[in-house]
Amino acid sequence: MKVQEYILKPKNDFNSMHIFECGQCFRWNLQDNGNYIGVVKNSVIEVIEKDDEVIFRGVSEDNLKDIVVDYFNLNKDYGEIKNKLSKIDDYLKESIKFGNGIRILNQDIFETIISFIISANNNIPRIKKIIENLSKNYGKEIEYDGKTYYTFPTVKSLSKATVADLRNLGLGFRDKRVYTTTRMILKNEFDIEKIKNFKDTEMIREELLKLDGVGPKVADCILLFAFNRYDVFPIDVWVRRVMNDLYIKNLDESKVSKVEIKKLAEEKYGELAGLAQQYLFYWKRENG
DNA sequence: ACTCAGGTATTAC
DNA sequence: GTAATACCTGAG
């Protein structure tokens, strides 16, 4: 495939490290030269960030620019969002300053579902490794710059894997969950094409929660990262920690209920809760 | 050897 | 409904 290029200039609100390391995605890897390379749909993309522009270079069956604009949601203006959030309080202002250039990606629904099922009670290096294994075994090869990359498997392709196959790829106890969920999607018991048109976020959440391995936290991550519901506020250990430290100040963090955190997030951040979550999560995880 | 990591499912009140 | 507990795996 021919190499395509798209240049974003001027770059505003784009920081590749913050975008790829803030915890929303698992398939981007830092190269020795400082660039990031990742697989998006059927494309391999290299992100080359300069002082005043971002160069996207890669191979794709489709138009690279279209993929990039959609995936990085480049038409969304983060200036206004950051302004609004910064005014809420100094904590948020600080976290936005730290994670400046974060963008919530518009990720593939199936990939996000499977990836976050795998994330349960797991660590990032291992999550990434498992997803890479799935792609190597059930995805499609793509050559770029003399190296081979693999697309994330399609529903059909991944449904070829048995529970034992998945266990062999390192999924551990999540093998059965991925197996069952993939089958449910294959049989349209969870109809992605239909559900992605649902307007009501609660209706989508309800459907997501029927999937094996999808609980409240994973469902919220899928809503935020694949359905772009920016008001959804996923609560994991880091978010619980940061919300307690900043606002609730309960001596026993484990005693803080999710209901309390959700309520607080909704009151403080409203429609932008998901974005606030991402800044706070990243800030807390990187700064302790 | 032992704990821990982007939670969920299961079981038992 | 809510609380306790097990769960693959591999890195530190």
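How many Å separate the centres of domain 2 and domain 3, taken over C-alpha atoms? The figure is 26 Å. Keep in mind that this is a predicted model. Here are my notes, point by point.

1. **Domains.** Chain A splits into domain 1 (3–75), domain 2 (109–225) and domain 3 (237–287). The 26 Å given above runs between the centres of domain 2 and domain 3.

2. **A cis peptide bond.** Have a look at the bond from lysine 9 to proline 10: it is cis, with omega near -5°. Proline 10 sits in the loop that links strand 1 (3–8) to helix 1 (16–21).

3. **Two positive phi values.** Which backbone angle stands out at lysine 41? Its phi is positive, about 50°, although the residue is not a glycine. Lysine 41 belongs to the loop between strand 3 (36–40) and strand 4 (43–49). It counts as partly exposed because it has 16 C-beta neighbours inside 10 Å. Asparagine 228 is another non-glycine with a positive phi of about 50°. You'll find asparagine 228 in the loop between helix 12 and helix 13 (237–248). With 15 other C-beta atoms within 10 Å, asparagine 228 is partly exposed.

4. **Helix 3 against helix 4.** Helix 3 (residues 78–88) packs on helix 4 (residues 90–98) at an angle of about 140°, and their axes are 5 Å apart. Why call the pair oblique rather than roughly antiparallel? The antiparallel label is for angles over 145 degrees, and at about 140° the two helices are therefore oblique to each other. On the helix 3 side, the contact is made by Lys82, Leu85, Ser86 and Ile88, while helix 4 brings Leu92, Lys93 and Ile96. Sorted by class, that contact of helix 3 with helix 4 holds four nonpolar residues, one polar and two charged.

5. **Glutamate 94.** This residue is also part of helix 4. Glutamate 94 has 15 other C-beta atoms within 10 Å, so it is partly exposed.

6. **Helix 5.** Is helix 5 mostly covered or mostly open? Mostly covered: eight of its ten residues are buried. The buried ones are Glu111, Thr112, Ile113, Ile114, Ser115, Phe116, Ile117 and Ile118. Helix 6 (124–138), helix 9 (175–186) and helix 12 are among the elements that cover these buried residues.

7. Isoleucine 117 is found in helix 5 (residues 109–118). Why does it count as buried? Because 23 other C-beta atoms lie within 10 Å of its own, and the cut-off for buried is 20 or more. Leaving aside residues up to four places away in sequence, isoleucine 117 touches Arg174, Arg177, Val178, Thr181, Gly213, Val214 and Val218. For a sense of scale, isoleucine 117 and serine 254 are 137 residues apart in sequence and 23 Å apart in space, C-alpha to C-alpha.

8. **The surface near DNA strand B.** There are 17 residues around DNA strand B, and Gly23, Ala120, Gly215, Lys217 and Val218 come nearest. Which helix gives the largest share of this surface? That is helix 12 (residues 216–225), with three residues. By class, the surface near DNA strand B comprises six nonpolar, eight polar and three charged residues. Val218 turns up here again, as it is also one of the residues that isoleucine 117 touches.

9. **Glycine 215.** Glycine 215 is one of the residues that come nearest to DNA strand B. It lies in the loop between helix 11 (201–208) and helix 12. Glycine 215 has 12 other C-beta atoms within 10 Å, so it is exposed; the cut-off for that label is 12 or fewer. Between glycine 215 and threonine 154 there are 23 Å in space, C-alpha to C-alpha, with the two 61 residues apart in sequence.

10. **The surface near DNA strand C.** Around DNA strand C you have Asn121, Asn123, Arg126, Arg167, Gly170, Gly172 and Phe173. By class, this surface near DNA strand C divides into one nonpolar residue, four polar and two charged.

Methods: Residues numbered from 1 in each chain as written. Chains lettered and ligands numbered in written order. Predicted model: local features only at pLDDT ≥ 70, side-chain atom pairs only at ≥ 80, totals over all residues. Axes fitted to C-alpha atoms, helices over the stretch in contact; angles between N-to-C directions. Helix = DSSP H or I, 4+ residues; strand = E, 2+ residues; numbered from the N terminus. Parallel < 35°, antiparallel > 145°, perpendicular 65-115°, else oblique. Contact = placed C-beta atoms within 7 Å. Nonpolar A, V, L, I, M, F, W, Y, C, P; charged D, E, K, R; others polar. Near = placed C-beta within 6 Å. Domains from an automatic or database assignment.
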